[in-house]
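Thanks, everyone. I will go through one structure, from the chain contact to some helix packing. Please look at the sequence and the model first.

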Amino acid sequence: MTDATASRSIDTPGGPLDPARALGPSPTARFFRRMRGHTSVMFGGSVLLLIIAVAVFAPLIAPHDPYEQDLFKRLLPPFWMEGANPAHLLGTDNLGRDYLSRLIYGAQISLMIGICTAVLSGIIGTALGVTAGYFGGKVDAVITFIITTRLSMPIVLVALAIVALVGGSLEAVILVLGLLLWDRYAVVMRSATQQARSMDYVSAARAIGCPTWRIVLSEIMPNVINNLIVIATFEIAHAILLEAALSFLGLGVQPPAPSWGLMIAEGKEFLLFDPWVITIPGIALSILVLAVNMLGDGIRDVSAPENRS
Amino acid sequence: MLNFALRRLLLACLVALTVSVIAFFLVRVSGDMAIALAGESASAEDIAEIREAYGLDRPIIVQYADWLGKALQGDFGESLFFPETVWELVATRLPVTLRLAMAGLVLSLLIGVPFGVIAALRPNSWIDRLAMTIAVAGQAIPSFWMGLMLMVLFGLFLRWTPISGDDTWVHFILPAVTLGYYSTPPIMRLTRSGMLEVLQADYIRTAYAKGLRPMPVLFKHALRNAVIPVVALASVQFGHMLSGAIVIESVFAMQGIGYLAWESILRKDIAVIQAILLIVCLFYVFLTVLSDLLNAWLDPRIRVN
C-alpha cells in the first residue's frame, strides 16, 4: 500500500472507522474532563497550586528575611488593626520577625513534610498491601498482623516519643510520620490487589509465564493506582496536621524554622492581647489542609467506578 | 460466634504482646537509661553503679521479661521526677483523660447521630449538605488550634468558661467540644449511610404498610439497626480520643495521662513513657476487639469469613 492510498484510507485518524472515534475519548481523557467539571477538584486544586507556587517562589515573594529579628518592632499588628506598619502587612512576631515572610516560608515546610511523608508511607504501605493481596495465605496473615499491630498504636503518642528520642528536625518528622502513616495504603491496596488478582487478564499473564514483578507492575498497579492517588492526598493532609501538632508541642520542627505549628506555639503566650498571632498561621494551615482534602474528595468522586459512564 | 470471638481474642493477645515489645524497645534503643538516671554530669563510676543497681547490665531480653512481668502486676517502676510510683501517677491521672474522652464521645454521638438521621431522611437537602460541608471543613482545622480559638472566644472574650485546668465539669466543656468535634463527622456519615440502607429495606416498607406511624418506624425499626455499626465505630473513636487527648490536654493544661505523657517525653522520664505507651496501646487493642466483636455479632458474614 502506498502512502497516497494510506492517507485516503477510511480508518485514518478522524475518519469514520478510526477506532478512537468509535470508542470515544480515552479513559484518561475522560478522567481529566470529569476532573475539570468537578467543583471541589477545581477549587482544591487551584488553591493548592497557588500555595505550591508561593512555597516555590518564596524567596521572590517574601518581603523580608523570615529569620531577621528586630526587637524594636516586636508584635506589630497586621494591616486591619490600628498601629499597623505598612512594611509588615501581617505584622511581626515577638522577636520582630516579619509574619508574612514567615508564613510564606512556612508553606515550604508544610508541603515538604506532607508530600515526602505521603511518598515514604505510600511506598511502604503499597509494598505491604500489594504483597499481602497478591500472595495471600501465610504472607497475607503476617502482613495483616503487622497492620493490626500498627493500628493499635496511637500515632501522636508514638511519634512524640520517637521524635523526642531522635531529636526534632524536619527530616526526623518526615521519617517518623512516614514510618507510621502507611496503614491506610496497606489496607486499601491489599483489598484492591485481591480484586485485581482474580481478573482474567491476570490469570492470562500468569499462564503465559509472566514473572510476578511484571504482573504486579503492569497488570495490577495500573488498576489500583486511582486508589493510591486518593489515599496519598488524604495522607498529605494528615501529615501536615500531625507535623503542626508535633511542632506545636515542641517536638517537631525546631525554632527558628517558620513552621506554622511552631508559630502557633510561639504565639500562645500572647494569646490574651494579640490573638491574631495564633489566628493567622491557624487559618493558613486550615486552608492548605482543606484544599488538599477537597482535591482528594474530588478525585475519589471522579475516579469511583460507579461514576464511570 | 464463639469460635470467631476466641480467634479474635487470641490475635489481640498477640498484638498486645508485640506492642509491649515495641513500647519497651522503642524507648530503650534511643538512649542509655543509666545516663538518663544518673544525670548528664555524672561520673563514669556513678553511671556504672546505677547500671548495676537498676539491672541495666543484664541482657536486654531479660530486662524486657522483667519489665513485662512487673508491669502485669501493676509495677511500672519509679518516675525520675515525681515522688509517686509510675502506677500511682497513672492511676491518679487516668480518670481525667477517661472523663474527657467520655465527654467528647457523648457529645459527638449526641450531635452525629441525630444529624446523620436527618441527613438520611432528606438526602441532598440543604441540611444534608450543610452537615457534610461542616464535616469536611472541620477536618481541616488543627485540633490544638481549634482548642486555642475556643479558649480565646469563650474563655477570654466572653468569659463563659475557665480557660485551663480540670477541677470542675465546666473545665471539661471546651476540651470535650474540641475533642468531640473530630469524631462527629465519621459518626454522622456512618449513621447517614446506615439509615439510608435500612430505610430501603423490605421490613420498613412492611412496617409502614401495616399502618405504623412514621416515628415508631423510624426509631424502633430503622435506627435500632442502623446504629449498631455506629456503636462499633464509637469504640474505635474512643481510642482515638485517648490519643488526641495528648494534644488537647496540653492546650488546656489538664492533668490527664496525655499531659503526663507530654511532660515525661520532654523530660525523658523513661519509666513513665513506657507505662503510658503500653497502657494506651492496650486500651486501643481492647477497643478494637470490642468493635470487631460488635460488628461480627451484627453481621454473620464477618464471622464466617
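Start with where the two chains meet. The contact takes 35 residues from chain A and 39 residues from chain B; two residues are in contact if their C-beta atoms, placed from the backbone, lie within 7 Å. On the chain A side, α7 (137-151), α8 (155-166), α12 (212-248) and α14 (276-303) each supply at least two residues of the side that touches chain B. Helices are DSSP runs of H or I with at least four residues, strands are runs of E with at least two, and both are numbered from the N terminus. The largest share of that side of chain A, nine residues, belongs to α8(A). By class, the side of chain A that touches chain B has 26 nonpolar, seven polar and two charged residues. Here Ala, Val, Leu, Ile, Met, Phe, Trp, Tyr, Cys and Pro count as nonpolar, Asp, Glu, Lys and Arg as charged, and the others, Gly among them, as polar.

A note on provenance. This is a predicted model: local features need pLDDT of at least 70 and side-chain atom pairs count only at pLDDT 80 or more, while totals for chains, interfaces and linings use all residues. Residues are numbered from 1 along each chain as its sequence is written, and chains are lettered from A and ligands numbered from 1 in the order in which they are written.

Next, one helix of chain A. Helix α6 (residues 99-135) of chain A has 37 residues and spans 53 Å from first C-alpha to last, close to the 54 Å expected at 1.5 Å a residue; that expectation is 1.5 Å times one less than the number of residues. Is α6(A) enclosed or open, and why? Because 26 of its 37 residues are buried, α6(A) is largely enclosed by the rest of the structure. Buried means 20 or more other C-beta atoms within 10 Å of the residue's own, exposed means 12 or fewer, and partly exposed is in between, with C-beta atoms placed from the backbone. Just after α6(A), A:Gly136 has a positive phi of about 60°.

Now chain B. Its secondary structure is 15 helices and zero strands. The C-alpha atoms of chain B fill a box of roughly 85 × 55 × 30 Å along the principal axes. Of the 305 residues in chain B, 39% are buried.

Axes are lines fitted to C-alpha atoms, for helices over the stretch in contact, and angles run from 0 to 180 degrees between N-to-C directions. Under 35 degrees is roughly parallel, over 145 roughly antiparallel, 65 to 115 roughly perpendicular, and the rest oblique.

Helix α9 (residues 184-199) and helix α12 (residues 228-252) of chain B pack at about 165°, axes 10 Å apart, and are therefore roughly antiparallel. Their contact has seven nonpolar, three polar and no charged residues.

The axes of α12(B) and α13(B) come within 7 Å and cross at roughly 85°, so α12(B) and α13(B) are roughly perpendicular. B:Glu249 in α12(B) and B:Trp262 in α13(B) are among the residues that meet there.

Finally, helix α13 (residues 257-267) and helix α14 (residues 270-298) of chain B pack at about 140°, axes 9 Å apart, and are therefore oblique. The residues of this contact of α13(B) with α14(B) divide into seven nonpolar, one polar and no charged.
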